[in-house]
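Please look over the sequence and the model below before reading on.

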Amino acid sequence: MKLECSFRSLAAVAVLAMSIALLTGCSGNQRGGAQLRGDSQTNAEKAGELNKQLGTEYLRKGNLALAKEKLERAERYNPRDAEVHSVLAVLYERLGIPKEVDEHYRTAIRLAPKDPQISNNYAVYLCRNGRPDEGVKRFLESAQNPLYRTPELAYTNAGVCLRAAKRFDEAARSYARALQIRPNNAEAVYQSADLEMERGDLMKSRDLIDKYLGTYDATPDLLLTAVRLTRAQGDRVAEDKFTRRLRVEFPNSQQFRSLNESDATKRNPG
């Protein structure tokens, strides 16, 4: 689950909290036992949803203490909500408690085995923490899940994971698979071209970039890679062309700033 998902504002959530309290307080006086149990379950679910939303918002803002309080309360109300466990996993990763991260991701996957986003998020965590085999396995499961609408992203992520583990041939194949699915996947082209440049195959890297930029819109990463690549090739004309494009099309990008800073350092090494 992405923490940037849209939730109701905190003000609206506070109103909902008051409504839940009122419902809980008056139900015992007006309904029979069976109805009360049904209402209590409904109120618990609403309270769980409320606390999940609050906890996710606090997590997004970096308030880990309040996020922990709200999300753990949400889990108590709705222990079978896969999304709660997925967000708790993100929280515990930030808190540096890996055992809890694994436990909550695994619980989330058990509760929602067909949700590829949860599996994909767990894969990112695994790759970030030195477990590439498990991470790649999860990425491939997401890519092959018919409910996952962007399998090319899963293959690209798998390639990044494999590259970090120095498994370059496997990474290249994963990027190629992503581009078979979606040739205009700028991230896969960038990752693939950057990998080939690192491996010393400048011609292959250049071919990837030229083919993409000849058909699709540029990105700051691709243009910066093109500048560095053509500089390594000694192609001053192409280097100037890509530098100009980066300056004109993405003047406020971090990539353009880093290029300027790098060039300034070379001009004034002291």
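Helices (H or I, at least four residues) and strands (E, at least two) are DSSP runs, numbered from the N terminus. Residues are numbered from 1 along each chain as its sequence is written. This is a predicted model, in which local features need pLDDT of at least 70 and side-chain atom pairs count only at pLDDT 80 or more, while totals for chains, interfaces and linings use all residues; side-chain values use heavy atoms, with hydrogens and water left out.

The pLDDT is the predictor's confidence in each residue, from 0 to 100. For the protein chain its mean is 85, and 82% of the residues reach 70 or more. Residues 1-37 have a pLDDT below 50, and this stretch has 38 contacts (heavy atoms within 4.5 Å) in the model beyond near neighbours in sequence.

Next, the interior. A nonpolar core is a set of buried Ala, Val, Leu, Ile, Met, Phe, Trp, Tyr and Cys residues joined through side-chain atoms within 4.5 Å. Buried means under 20% relative accessible area, exposed over 50%, and partly exposed in between (1.4 Å probe, protein chains only). The largest nonpolar core has 27 residues, and Ile209, Phe242 and Leu246 are among those with the most contacts inside it. The elements giving two or more residues to this core include helix H8 (151-164), helix H11 (202-213) and helix H14 (254-267). Another core, of 25 residues, lies apart from it, with Tyr58, Ala82, Val90 and Ile118 among its members. Leaving aside neighbours within four places in sequence, Ile209 is in contact with Ala193, Leu222, Thr225, Ala226 and Leu229.

Helix H8 also pairs with helix H7 (residues 132-143): their axes come within 8 Å and cross at roughly 170 degrees. Axes are lines fitted to C-alpha atoms, for helices over the stretch in contact, and angles run from 0 to 180 degrees between N-to-C directions. H7 is therefore roughly antiparallel to H8, a term for angles over 145 degrees. Residues in this contact include Phe139 and Leu140 of H7 and Tyr155 and Leu162 of H8.

In the loop between H8 and H9 lies Lys166. Lys166 is not a glycine, yet has a positive phi of about 65 degrees. Most residues other than glycine have a negative phi. Lys166 counts as exposed because its relative accessibility is 58%.

Glu93 lies in helix H4 (residues 82-95). Its relative accessibility is 23%, so Glu93 counts as partly exposed. Glu93 and Tyr125 are 32 residues apart in sequence but 8.3 Å apart in space, C-alpha to C-alpha. Beyond neighbours within four places in sequence, Glu93 is in contact with Val101, Tyr125, Arg128 and Asn129.

Terms used. Angles under 35 degrees count as roughly parallel, over 145 as roughly antiparallel, 65 to 115 as roughly perpendicular and the rest as oblique.
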